[in-house]
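This report goes through a protein chain and the surroundings of its ligand. Please have the sequence and the structure at hand while reading.

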Amino acid sequence: MNPPLPAHWLPGDRLPDVRLRAADGNAVTLHGEFAGAPVWLATPADATAASRLPAPSDGVVALCVGPAALDVPAPWRAFAADPAWCQGLGHALLWQADENLRLMACHALPLALPPAPFPTEQPLLPEQTVRIAPVLQIPGVFERELCEALIRHLDIDCGGGEASAVLVLENGRQTLQIDPSVKRRRESFPRDAALEARMHERVLRRALPEIARVFQFGVQRRDPFKLLAYPEGAGYFRAHRDNDTPDVAHRRFALSVNLNAGDYEGGEFRYPEFGPHRFSPATGTALVFSCSLLHEVLPVHRGTRYAMTTFLG
Ligand SMILES: O=C(O)CCC(=O)C(=O)O
Ligand SMILES: [Fe+2]
């Protein structure tokens with residue numbers, strides 16, 4: 001499954017690599033030279049706008065890009081880049097990108113107000129990182145508005161979903177049974193082709209390239225999307241693996257997106273083989289992990305946790 005290159009990039013997209021050529025003819029690549037620090041990318045309308053670019057926040061790499069390298073005030077650095085790549089960024093804009101060169105926010109130039117810097121994070125102590133589960137979090141795979149539409153779709157169009165059943169093998173026959181010793185939640189396949197297409201496009205565009213880069217794995221297929229609700233006092237999924245029976249042995253990675261982080265308490269992921277840490281990704285972030293890892297969703301104590309899940313192979 002290959003994502004098409006978007007004509008225009010959006011917040012949440014990770015910038016594809018590009019060759020950047022300075023006025024003195026020296027060239028670098030965006031990923032090779034500038035990954036690892038937050039970046040501002042400006043596409044000023046003309047030379048005057050370029051000469052008036054605002055001072056960047058501390059610790060930010062400030063790059064002015066366009067078909068030609070313009071004169072810019074220090075510490076800005078100006079580069080010429082492939083016109084099609086520049087067009088994807090848009091005209092007369094200032095983009096803020098994170099350390100992973102993921103576009104976060106876009107502002108029209110000239111700026112009315114300086115953009116708010118990203119909050120700085122305190123590093124974990126080394127002793128807190130010795131047993132971290134090997135999971136990948138990809139921020140902004142679904143926009144907030146898509147997450148909200150999926151919750152409405154589950155609650156209204158899908159009637160809140162059905163009680164989730166487990167496959168049981170009895171006397172050589174497989175049956176679906178409700179089993180509260182394994183899980184309690186409601187779930188439904190989406191019934192709206194347009195919503196499904198939007199989810200598919202976002203997974204192709206934002207999750208698969210990161211999975212290919214981080215895990216060196218090319219996804220070929222995906223199980224149907226499933227929308228999930230874990231209600232207060234009646235939502236959990238006890239420790240399990242996602243590929244340990246013949247019918248699901250093709251699964252390689254689980255991908256799960258929290259749709260309403262902050263609206264509930266509990267409902268965190270835990271990987272008991274790898275220590276006590278709990279994972280509660282932000283709304284729209286995809287949590288990706290190997291289906292072979294033991295994992296559980298802890299009970300929801302307040303509110304309802306909504307999520308979308310699928311499996312990749
Ligand atoms: O609640 C989720 O996001 C996914 C839970 C899970 O582990 C599963 O459905 O296999
Ligand atoms: Fe699972």
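## Chain, cores and ligand shell

Of the 313 residues in the protein chain, 30% count as buried, a residue being buried if 20 or more other C-beta atoms lie within 10 Å of its own, exposed if 12 or fewer, and partly exposed in between, with C-beta atoms placed from the backbone. This is a predicted model, in which local features need pLDDT of at least 70, side-chain atom pairs count only at pLDDT 80 or more, and totals for chains, interfaces and linings use all residues. Residues are numbered from 1 along each chain as its sequence is written, while chains are lettered from A and ligands numbered from 1 in the order in which they are written.

The protein chain has 5 helices and 23 strands; these are DSSP runs (helices H or I, at least four residues; strands E, at least two), numbered from the N terminus. Along the principal axes, its C-alpha atoms fill a box of roughly 75 × 45 × 35 Å.

The largest nonpolar core holds 34 residues, and Ala207, Ala286 and Val288 have the most contacts inside it. Such a core is a set of buried Ala, Val, Leu, Ile, Met, Phe, Trp, Tyr and Cys residues joined through C-beta atoms within 7 Å. At least two residues of this core come from each of α4 (144-157), α5 (193-215), β14 (226-230), β16 (253-258), β20 (286-290) and β23 (305-312). The most is given by β23, with 5 residues. Leaving aside residues up to four places away in sequence, Ala207 touches Ile138, Val141, Leu255, Ala286 and Val288; contact here requires C-beta atoms, placed from the backbone, within 7 Å. A second, separate core of 28 residues includes Val39, Ala78, Leu89 and Ala97.

Around ligand 1 stand Leu228, Phe237, Asp242, Ser256, His295, Val297, Ala307 and Thr309, where a residue is near if its C-beta atom, placed from the backbone, lies within 6 Å. This shell divides into 4 nonpolar, 3 polar and 1 charged. Both β21 (295-297) and β23 supply at least two of its residues.

| Strands | Sense | Bridges |
|---|---|---|
| β12 (residues 183-184) and β15 (residues 236-240) | antiparallel | 2 bridges |
| β15 and β21 | antiparallel | 2 bridges |

His240 stands opposite His295 in β21. Phe237 and His295 are both among the residues around ligand 1.

Notes. Contact = placed C-beta atoms within 7 Å. Nonpolar A, V, L, I, M, F, W, Y, C, P; charged D, E, K, R; others polar. Pairing = 2+ DSSP bridges.
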